[in-house]
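Let's walk through a structure together, one feature at a time.

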Amino acid sequence: MEYQLYINGEWKDTVTGYVAEDKNPADDSVFARVHFAGGAEVEEAIAAAQRAWRPWADTPAAQKEQILLKAADWMQEHIDEVADVLMGESGSAFGKAYFEAGFAVDILRTAAGECRRVFGQVQQQEAGEISMIRRLPLGVVAGIAPFNFPLLLALKKVAFALAAGNTFVLKPASATPVSGVMIAKALDGAGIPKGVFNLVPGSGEEVGNKLIEDERIRMVAFTGSTAVGRGIASKASVLFKKYSLEMGGKNPLILLKDFDVEQAVRIAGFGAFFHQGEICMCTSRLIVEEPVYDPFCEAFAAYARTMKVGDPHQKDTIIGPLIKQEQCQIIDSQIQDAVSKGAVLMTGGTHEGNFYQPTVLKDVTPDMRIFYEESFGPVTSIIKAVDAQDAVRLCNDNQYGLSSSLLTNDLSKAMSLSLDMEAGMVHINNATVSDNSTVAFGGVKNSGV
């Protein structure tokens, strides 16, 4: 299949002549060919969005709502096609692909409801004097999406910006551009006015930087690495434009001694290995109170060995391929460093092609790289804590602060300890990978703004 750009309500070939090969990470075959934008097309997309934003902002809420609901219907009706794209270009396992596609439908419907919820405020000042506060759309918003949840994390940016009356220019991840095409198809099929949504796949150099640096773009919404996010913040700040950055994580799960070990294994296993650990919220540090440390380590490693690695299209596959071979080499290096410093490799630690075996290290300590560095793969570290307070100290000993979990049956500890955990999200008796379309999402420290 060959896919075009979507600019000003039209599907267009690239004027650069560059049509990229979108590779399937499972076998490196060509999944699709996608037209990549150059500077001229980025300019065309921004100009179209700029022309469209005032009419779109003035469009009645009911009309915006209907367009987003029709887009949700399109996504639901084409859910098999959408899931196939996610399996084919991002290595999403069968269950994850359908979960993401279904979540996309939910996001569009939730955003449709938000069209009617743009509330201002009236304040009484002095006698005979009031202040009226209006909430207005910014104008043109740019979104830069990641490869791991390419549909969900792009659509979170797009749908709510459109609901608030903004227009949008989306740059999908270079490794997963067809997921962005699915959003364009849904909105086009729903009758979105020309210029309100524009899709410009391409490189960070050709597309991303131009979106960030253009003064007509009033906000940049980004999900990706902390290093890239830091660069976006620096460039956007010079132009006084808003930015939303959802970046890296080294997410801890704290297991206290009063919690059931078998239940903890299931919760931690989902958080650590869902979408082969390629999630900013994945559970990459398991901090376990000493009395249950040994039984948890044995049970968790045994659980990891049961996970099927292989073809994402097979319904029982849990671990699909990593997005690229280089990530396997990064994980290899982290494991070698940890083992050389005393960590014990309980299972995994090998890969064939882009398929990395679910990997469990125990006795991990802060002098090892893997304690602090993101792995972005199916590998997690188990760390021993003397007591609950020591567990929180280990939890906070990190530059990141995105998601976290606390497993305990003690309500008092659940409340008091969670307030001391330095994370944007703390999940009590649930996995670090947990999200909902109506709940606030974000991190602290180097995990986001």
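**Reading the model, step by step**

N429 sits in the loop between β22 and β23. Helices (H or I, at least four residues) and strands (E, at least two) are DSSP runs, numbered from the N terminus. This is a predicted model, in which local features need pLDDT of at least 70, side-chain atom pairs count only at pLDDT 80 or more, and totals for chains, interfaces and linings use all residues. Residues are numbered from 1 along each chain as its sequence is written, and side-chain values use heavy atoms, with hydrogens and water left out.

Q: What is the phi of N429?

A: Here is the general idea first. Most residues other than glycine have a negative phi. N429 is not a glycine, yet its phi is positive, about 55°.

Q: Is N429 buried or exposed, or partly exposed?

A: The cut-offs are these: buried means under 20% relative accessible area, exposed means over 50%, and partly exposed is in between (1.4 Å probe, protein chains only). N429 has 29% relative accessibility, so it counts as partly exposed.

Q: Where is N8, and what is its phi?

A: Look in the loop between β2 (5-7) and β3 (10-12) for N8. Its phi is near 55°, a positive value in a residue other than glycine. N8 is partly exposed, with a relative accessible area of 21%.

Q: How do I check the length of a helix, say α2?

A: The expected span of a helix is 1.5 Å times one less than its number of residues. Helix α2 (residues 61-77) has 17 residues, so it should span 24 Å, and its end C-alpha atoms are 24 Å apart, which agrees.

Q: Which residues of α2 are buried?

A: They are K64, E65, I67, L68, A71, A72, W74 and M75. These buried residues pack against α1 (39-57), α3 (79-90), α4 (94-114), α5 (150-163) and α6 (177-189).

Q: Which residues in the largest nonpolar core touch the most other members?

A: A nonpolar core is a set of buried Ala, Val, Leu, Ile, Met, Phe, Trp, Tyr and Cys residues joined through side-chain atoms within 4.5 Å. The largest one here has 65 residues, and those touching the most other members are L68, M75, L155, L162, L170, L187 and F197. Helix α5 gives this core its largest share, 10 residues.

Q: What does L68 touch?

A: Contact means heavy atoms within 4.5 Å. Not counting residues up to four places away in sequence, L68 touches L108, A111, A112, C115, A159, L162, A163 and L187.

Q: How many salt bridges are there?

A: A salt bridge is a side-chain nitrogen of Lys or Arg within 4 Å of a carboxyl oxygen of Asp or Glu. By this rule the count comes to 16. One of them pairs the side chains of R109 and D73 (3.4 Å, N to O). R109 lies in helix α4 and D73 in helix α2, so this pair ties together parts that are 36 residues apart in sequence. R109 is partly exposed at 39% relative accessible area, and D73 is partly exposed at 34%.

Q: What about E422 and K445?

A: Their side chains meet in a salt bridge (2.9 Å, N to O). The pair links distant parts of the chain, 23 residues apart: E422 is in the loop between α14 (411-420) and β22 (425-428), while K445 is in strand β23 (residues 444-445). E422 is partly exposed at 38% relative accessibility, and K445 has a relative accessible area of 36%, also partly exposed.

Q: Where is K341, and what is it in contact with?

A: K341 is in the loop between α11 (325-340) and β15 (344-347). Leaving aside neighbours within four places in sequence, K341 is in contact with D367 and M368. K341 and M368 are 27 residues apart in sequence and 6.9 Å apart in space, C-alpha to C-alpha. With 39% relative accessibility, K341 counts as partly exposed.
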